[in-house]
Amino acid sequence: MSIRRIVTILALALPFATLEAASLGYVDMQKVLEQSALGKKVQEELRKEFEPRAQELGKTEAEIRQLQETLARDSALMSADQVKKKEAEIKQRIEAYQKAGGALQQEVAKVQQQKGREVMAPAQKAVDAVAKQNKLSMVVERSLTGILYLDPGLDITDDVIKHMDASA
């Protein structure tokens, strides 16, 4: 066998040998956010902050629906001017509802992003600690696009949650 052929074989086999020696793990960060003590605390804070306003929007939606049903039922008994007036009132209430709902959604998204950062820093430290403890060369996020299969045995999510909870 020529030296050139040996070098070519080694060059082709080296990446696979390195990949075989590397140890891999993955973390489901959504699960960490939902099941860690810190993640649950943040979710509860968000719920307490925004649930009353969401309930108010729900009441407003029910009122609008009731107005629409009443108009549909009674419009035959009303004058054209009365119908126009009711339709304008309903339209105005719908616009105000949509504006308030959009503003609430934007505020929720902004606060979720801020609170998410509060969880991500300790989560990253926990991932680092668990990866070092398990001597992992690489840890990926479970939901990364392009990954078609991950062996469940590589999942370190529960260890990360335990480490976060113990550190909290």
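I64 sits in helix α3, where a helix is a DSSP run of H or I at least four residues long, a strand is an E run of at least two, and both are numbered from the N terminus. Is I64 buried or exposed? I64 counts as buried, because its relative accessibility is 5%; buried means under 20% relative accessible area, exposed means over 50%, and partly exposed is in between, using a 1.4 Å probe and protein chains only. Leaving aside neighbours within four places in sequence, I64 is in contact with I90, R93, I94 and Y97, contact being heavy atoms within 4.5 Å. Take I90: I64 and I90 are 26 residues apart in sequence, yet 6.6 Å apart in space, C-alpha to C-alpha.

Before going on, a word about what you're looking at. This is a predicted model, so local features need pLDDT of at least 70 and side-chain atom pairs count only at pLDDT 80 or more, while totals for chains, interfaces and linings use all residues. Residues are numbered from 1 along each chain as its sequence is written, and side-chain values use heavy atoms, with hydrogens and water left out.

Now step back to the whole chain. Its secondary structure comes to five helices and two strands, and from the N terminus on, the elements run α-β-α-α-α-β-α. Of the 168 residues, 21% count as buried. Look at contacts between residues at least 6 apart in sequence, and 80% of them join residues at least 24 apart.

Next, find the place where two helices cross. The axes of α4 (residues 80–133) and α5 (residues 157–167) come within 9 Å and cross at roughly 115°. Those axes are lines fitted to C-alpha atoms, for helices over the stretch in contact, and the angles run from 0 to 180 degrees between N-to-C directions. Which residues make the contact? From α4 they are V119, P122, A123, A126, V127, A129 and V130, and from α5 they are D159, V160, H163 and M164. They divide into nine nonpolar, one polar and one charged; here Ala, Val, Leu, Ile, Met, Phe, Trp, Tyr, Cys and Pro count as nonpolar, Asp, Glu, Lys and Arg as charged, and the others, Gly among them, as polar.

Let's zoom in on V127, which lies in α4. V127 counts as buried because its relative accessibility is 10%. Leaving aside neighbours within four places in sequence, V127 is in contact with V27, V139 and V160.

A nonpolar core is a set of buried Ala, Val, Leu, Ile, Met, Phe, Trp, Tyr and Cys residues joined through side-chain atoms within 4.5 Å. The largest one has 20 residues, and V27, V32, I156, V160 and M164 touch the most other members. Elements giving two or more residues to this core are α2 (29–35), α3 (37–74), α4 and α5, with the largest share, eight residues, coming from α4.

Last stop: T157, in helix α5. T157 is buried, with a relative accessible area of 0%. A polar atom of its side chain lies 2.8 Å from the backbone nitrogen of D28. Beyond neighbours within four places in sequence, T157 is in contact with Y26, V27, D28, K31 and V32.

How values were computed
A polar contact is a pair of N or O atoms within 3.5 Å; within protein, one must be able to donate a hydrogen and the other to accept it, and residues adjacent in sequence count only if both atoms are side-chain atoms.
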